[in-house]
Amino acid sequence: MATNPGGLTSAEQSAEAGPGVQLERLTRKFGGRAVLDDVDLTIPEGQFVALLGKSGSGKSTLLRALAGIDHGVAGAGLLRVPGRTSMVFQDSRLLPWKRVLPNVLYGQPRSRRAVATALLAEVGLAGREKAWPGELSGGEQQRAALARALVGEPELLLADEPFGALDALTRIRMHALLRRLVEAHRPTVLLVTHDVDEAITLAQRVLILDHGRIEVDIDIDFDGPRDPAQPQFQQIRRSLLSALGADPIAA
Ligand SMILES: Nc1ncnc2c1ncn2[C@@H]1O[C@H](COP(=O)(O)OP(=O)(O)OP(=O)(O)O)[C@@H](O)[C@H]1O
Ligand SMILES: [Mg+2]
């Protein structure tokens, strides 16, 4: 199934492409069905983009393609991502047989140890370096996963529903943490979420993937706090929910 008929070369996916994301005519088929169908997407360096879409619309497939871990993508165009790209998932994917600090340092030179320790402090896990992942709460595990994602100073952070499994209060705290981390470390971000409010709260731009294409692409640039009580917030929420096929009145 994982063929590469369109021939995106590894050079085109190469590390030297520079920051930001540039995709042209990306197609991904499974069993003859195009989940991604000629997708074009450009993300300027440093932009925070949220990606919404119904279940099965291809969001994770798009992230995997950008992460370079899907060799079945095809297309005549470009797939350019920065060399330093990292990913976080709905579950922390911490290695259970390694303590927290070695997990954060995993795959990194030992010289990054001080950076890893500082990042653990930044995510509120100072003093937990020697804990086992199983000793951390779900939110703490996700914070450790964020530290691990940032330890290599990524130019692009790909996040696939990183807060999807957390309770509402923890999720709100994680939003504030992610915002702080992004301000401090300045990666370009592509965040997949099912949560329209999360997208509007965090992102500068929101995309909706549907029928294999990016069907909605809007900038979130209203003044004032990103407060769900704000009329502009509600207006954007209504239009996004309607594009997602959800009933805005019921939401
Ligand atoms: N390895 C695979 N083999 C066959 N089909 C696949 C494979 N990976 C994904 N698909 C199909 O591609 C479609 C898109 O999957 P994807 O995981 O990208 O959706 P998604 O938008 O992330 O959904 P969700 O919101 O539920 O996570 C689905 O119909 C899925 O069954
Ligand atoms: Mg998914």
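This is a predicted model: local features need pLDDT of at least 70, side-chain atom pairs count only at pLDDT 80 or more; totals for chains, interfaces and linings use all residues.

Reply: Residues are numbered from 1 along each chain as its sequence is written, and side-chain values use heavy atoms, with hydrogens and water left out.

Me: In what order do the strands of the 6-stranded open sheet lie?
Reply: Strands here are DSSP runs of E with at least two residues, and helices are runs of H or I with at least four, numbered from the N terminus. Two strands pair if DSSP finds at least two bridges between them. The pairing in this sheet is mixed, and the order is 5-6-7-3-8-9.

Me: Which residue in strand 8 is the bridge partner of V49?
Reply: Strand 3 (residues 48-53) runs parallel to strand 7 (residues 188-192), joined by 4 bridges, and in strand 7 the bridge partner of V49 is L190. Strand 3 also runs parallel to strand 8, with 5 bridges joining them. In strand 8, V49 has as its bridge partner R205.

Me: How many residues of strand 3 are buried?
Reply: Buried means under 20% relative accessible area, exposed means over 50%, and partly exposed is in between (1.4 Å probe, protein chains only). In a regular strand the side chains alternate between the two faces of the sheet. Both faces of strand 3 are covered, with F48, A50 and L52 buried on one side and V49, L51 and G53 on the other. Strand 3 is therefore largely enclosed by the rest of the structure, the buried count being 6 of the 6 residues.

Me: Which strands of the 3-stranded open sheet pair on one side only?
Reply: This sheet has the order 2-1-4 and antiparallel pairing. Strand 1 (residues 21-30) pairs with strand 4 over 2 bridges, and L23 has L79 as its bridge partner there. The edge strands are strand 2 (33-43) and strand 4 (79-80).

Me: Is A65 buried or exposed?
Reply: A65 lies in helix 1. Contact means heavy atoms within 4.5 Å; leaving aside neighbours within four places in sequence, A65 is in contact with L26, D70, V73 and L79. With a relative accessible area of 1%, A65 is buried.

Me: What is the N to O distance in the salt bridge between R25 and D38?
Reply: A salt bridge is a side-chain nitrogen of Lys or Arg within 4 Å of a carboxyl oxygen of Asp or Glu, and the structure holds 9 of them. R25 lies in strand 1 and D38 in strand 2, so the pair ties together parts that are 13 residues apart in sequence. The N to O distance is 3.7 Å.

Me: With which residue does R205 form a salt bridge?
Reply: R205 is buried, with a relative accessible area of 9%. R205 lies in strand 8 and the partner in strand 9, so the pair ties together parts that are 12 residues apart in sequence. The closest N and O atoms are 2.8 Å apart, and the partner is D217.

Me: How far from E161 is K59, the nearest side chain of opposite charge?
Reply: Lys and Arg count as positive and Asp and Glu as negative, while His and the chain ends are not counted. E161 is found in the loop between strand 6 (156-160) and helix 5 (168-185). E161 is buried yet has no salt bridge, and the distance to K59 is 5.4 Å.

Conventions:
Chains are lettered from A and ligands numbered from 1 in the order in which they are written.
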